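Dear colleague,

Please find the structure below, handed over together with its sequence. My notes on what was found in it follow directly after.

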Amino acid sequence: MYKLNEEFFYEKLQELMNIDSTTGFYHPIQDYIESEIKKFGMVPETYHKGGIQTVIGGEGNTLLYTAHLDDIGLMVRKINSDGTLTVVKVGGLHEDSAIGENVKIYTRNNKVYTGCIQKVYSSVHVSEDDEYAQDLSWIKNVCVVLDEDVECPADVEKLGINVGDVIALDPRYTVSNGYIKSRFLDDKACAAVLLCIMKEVSEKKIKLNREVIAHFSVYEEIGHGTSVLPERVNDLVALDIACMGPRQTSHEKKVTILAQDTRFPYNYDLTTELYNTAKAAGIDAVLDIFTPHYGSDGDTSIVAGHDIRHAAIGQGTRNSHGYERNHIEGIRQLYALAMEFITG
């Protein structure tokens with residue numbers, strides 16, 4: 001079974017976490033991936049709308065591994081009379097999982113400001129019970145408070161902050177006893193795994209059983225990450241998180257092969273091939289179904305009309321779209337399956 005280069009994985013994951021990449025704000029992280037691709041002696045190809053890929057190696061019957069670089073986040077919707085910001089979510093960010101988080105606001109004139117997400121009625125001591133406990137709403141009673149001396153819209157506008165500015169949340173990345181805790185493990189942990197695969201193949205000159213493309217999308221969280229693909233792609237396997245819950249078989253120390261998600265089942269033949277590969281190699285894998293709120297870049301390609309087989313695999317992950325948690329063992333199993341599938 002292929003062994004993950006854990007030192008390299010942690011290094012790349014930390015670097016990815018240090019780059020804010022709310023969906024649509026992709027240039028810094030795409031530039032980073034482009035530089036990594038060149039280090040492996042591979043040739044980067046960018047998409048006009050954003051996104052980047054490279055051929056890892058091999059010939060014929062093309063398989064595309066994709067992981068996404070974009071994160072859920074926020075955007076400025078309105079500057080309020082007291083200098084706070086009303087915001088709108090970008091992707092599936094829920095209010096209750098974001099209250100209290102520190103943020104960065106990126107303006108269109110390349111300035112960056114900090115702030116935090118708070119309730120409008122944020123102080124329990126001076127709020128009526130029904131005010132403090134009311135259902136949270138980005139539009140009605142949640143705001144971003146700037147770490148600046150602002151008290152009115154004019155003060156905010158002088159900073160260059162405007163409607164449509166992107167807001168990124170602090171990931172709060174940390175590792176303890178093999179448990180990796182951070183926002184945006186969906187999907188930067190898988191992007192780091194894909195970089196590990198590229199490093200392994202390039203440095204050890206590993207022979208692949210088919211042509212393999214590494215693809216990094218930047219719009220997965222809003223549903224069109226892999227709507228455009230090279231025509232020669234026959235199979236697509238998305239590397240994405242496997243969400244844990246009371247009805248799920250996914251586990252932090254295992255790799256999951258998705259059988260179905262909210263939209264439809266994954267390709268039966270391709271998922272079977274992945275499952276059989278895992279079992280033959282002694283990889284700890286389970287099958288799972290993710291409903292009612294899950295989709296991957298594999299779905300995007302099918303909906304866009306590509307004649308491909310699609311599948312998805314990923315490490316067991318707690319608290320998806322919140323402060324997420326993985327275990328390094330699940331990452332090891334994901335890496336081993338992804339490598340075995342293109343070499344076995």
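**Strand pairings and hairpins**

Ile105 stands opposite Tyr113 in β7, and this pair belongs to the antiparallel pairing of strand β6 (residues 102-106) with strand β7 (residues 112-119), which extends over 5 bridges. Before going further, please keep in mind that this is a predicted model, in which local features need pLDDT of at least 70 and side-chain atom pairs count only at pLDDT 80 or more, whereas totals for chains, interfaces and linings use all residues. Residues are numbered from 1 along each chain as its sequence is written, and side-chain values use heavy atoms, with hydrogens and water left out. Strands (E, at least two residues) and helices (H or I, at least four) are DSSP runs numbered from the N terminus, and two strands are said to pair if DSSP finds at least two bridges between them.

The hairpin of β6 and β7 has 5 residues between its strands, and in it Asn110 takes a positive phi near 65°. On from there, β7 is also joined by 5 bridges to strand β8 (residues 142-146), the two running antiparallel, with Cys116 standing opposite Val145 in β8.

A further hairpin is made by β4 and β5, with 5 residues between them, and Gly83 in its turn has a positive phi of about 90°. Here strand β4 (residues 73-79) and strand β5 (residues 85-90) are paired in the antiparallel sense over 6 bridges, and Val76 has Val87 of β5 as its bridge partner.

Strand β11 (residues 179-182) pairs with β18 in the antiparallel sense over 4 bridges, and Ile180 stands opposite Asn326 in β18.

Buried means under 20% relative accessible area, exposed over 50%, and partly exposed in between, with a 1.4 Å probe and protein chains only.

If neighbours within four places in sequence are set aside, the contacts of Phe9 (heavy atoms within 4.5 Å) include Ile180, Ala189, Val193 and Ile331.

Glu220 lies in the loop between β12 (212-217) and β13 (233-239). Glu220 is buried yet has no salt bridge, and the nearest side chain of opposite charge, Arg263, is 7.6 Å away. A salt bridge here is a side-chain nitrogen of Lys or Arg within 4 Å of a carboxyl oxygen of Asp or Glu; Lys and Arg count as positive and Asp and Glu as negative, while His and the chain ends are not counted. With neighbours within four places in sequence again left aside, Glu220 is in contact with residues including His68, Asp70, Asp240 and Asp297.

**Backbone points to check**

The peptide bond from Asp186 to Asp187 is cis, with omega near 15°, and Asp187 lies in helix α5. Another cis peptide bond joins Thr291 and Pro292, with omega about 10°, and Pro292 is found in the loop between β16 (285-289) and α7 (297-303).

Lys205, although not a glycine, has a positive phi of about 50°; Lys205 is found in the loop between α5 and β12 and is exposed, with a relative accessible area of 69%. Asn319, also not a glycine, has a positive phi of about 60°; Asn319 lies in the loop between β17 (309-317) and β18 and counts as partly exposed at 49% relative accessibility.
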